[in-house]
Amino acid sequence: MKKILCVIIICCIASINSYSKAEIRLINYEELNDNIFPNMERPALIFFGRNNCPYVKKMVPIVNKLATNYENSVDFYNVNGTSSANYEWLEELDIQGLPWIVIYYGPNRKAYSYFGGPNSYNDLAEALTEAITEWDKQ
C-alpha cells in the first residue's frame with residue numbers, strides 16, 4: 001500500500017512539473033534565419049545570456065515566468081551569447097552586454113523592443129503585450 005501511494009505521489013509531482021514549464025528553445029543565428037524567421041506565426045522573445053553571469057541568473061526566473069504566462073501567444077528562445085556561432089548576430093544587433101532581450105513581432109524580422117541588462121517582469125510583459133497587438137494588426 002505504501003509503495004502504491006509513493007508511486008501515485010511521484011506521478012502527480014511529475015505531471016505538475018511537466019505542465020508548469022513552458023518551452024524556451026536554445027537556438028543559434030543560423031537556425032533563426034533559416035527556420036524561425038521564415039515560419040514565424042507569432043511574436044518571439046529572444047533571450048541572450050551566458051553561463052555564470054549573475055545578471056543573467058537574475059533574469060532567468062523572469063523569462064521563465066513570461067514564457068509560462070505568454071506560452072499561447074509568444075515563442076521564446078534562448079541564445080548563448082558567448083558562442084562564436086552567434087557573434088554575427090550580436091554585432092548586427094549591437095549587443096554590448098548580457099543579458100539582452102529582443103522581441104520580434106513580424107516576419108520581416110522587425111525588432112519591436114530591446115532590453116539590455118536586468119529588467120522587471122512588468123516592463124517585459126508590457127512590451128510583449130504591445131508586440132502581440134502589433135502582430136495582430138498585420
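1. Helices (H or I, at least four residues) and strands (E, at least two) are DSSP runs, numbered from the N terminus. This is a predicted model, in which local features need pLDDT of at least 70, side-chain atom pairs count only at pLDDT 80 or more, and totals for chains, interfaces and linings use all residues. Residues are numbered from 1 along each chain as its sequence is written, and side-chain values use heavy atoms, without hydrogens and water.

2. Val56, Met59, Ile62, Val63, Leu66 and Ala67 are the buried residues in α3. Buried means under 20% relative accessible area, exposed over 50%, and partly exposed in between (1.4 Å probe, protein chains only). An α-helix has 3.6 residues a turn, so residues three or four places apart point the same way.

3. Helix α3 (residues 54-69) has 16 residues and spans 24 Å from first C-alpha to last, close to the expected 22 Å at 1.5 Å a residue; the expectation is 1.5 Å times one less than the number of residues.

4. Asparagine 78 lies in strand β3 and is partly exposed because its relative accessible area is 26%. Outside four places in sequence, asparagine 78 touches Ile24, Arg25, Leu26, Ile27 and Phe47.

5. Asparagine 86 sits in the loop between β3 (75-80) and α4 (87-92). Asparagine 86 counts as buried because its relative accessibility is 2%.

Terms used: Contact means heavy atoms within 4.5 Å.
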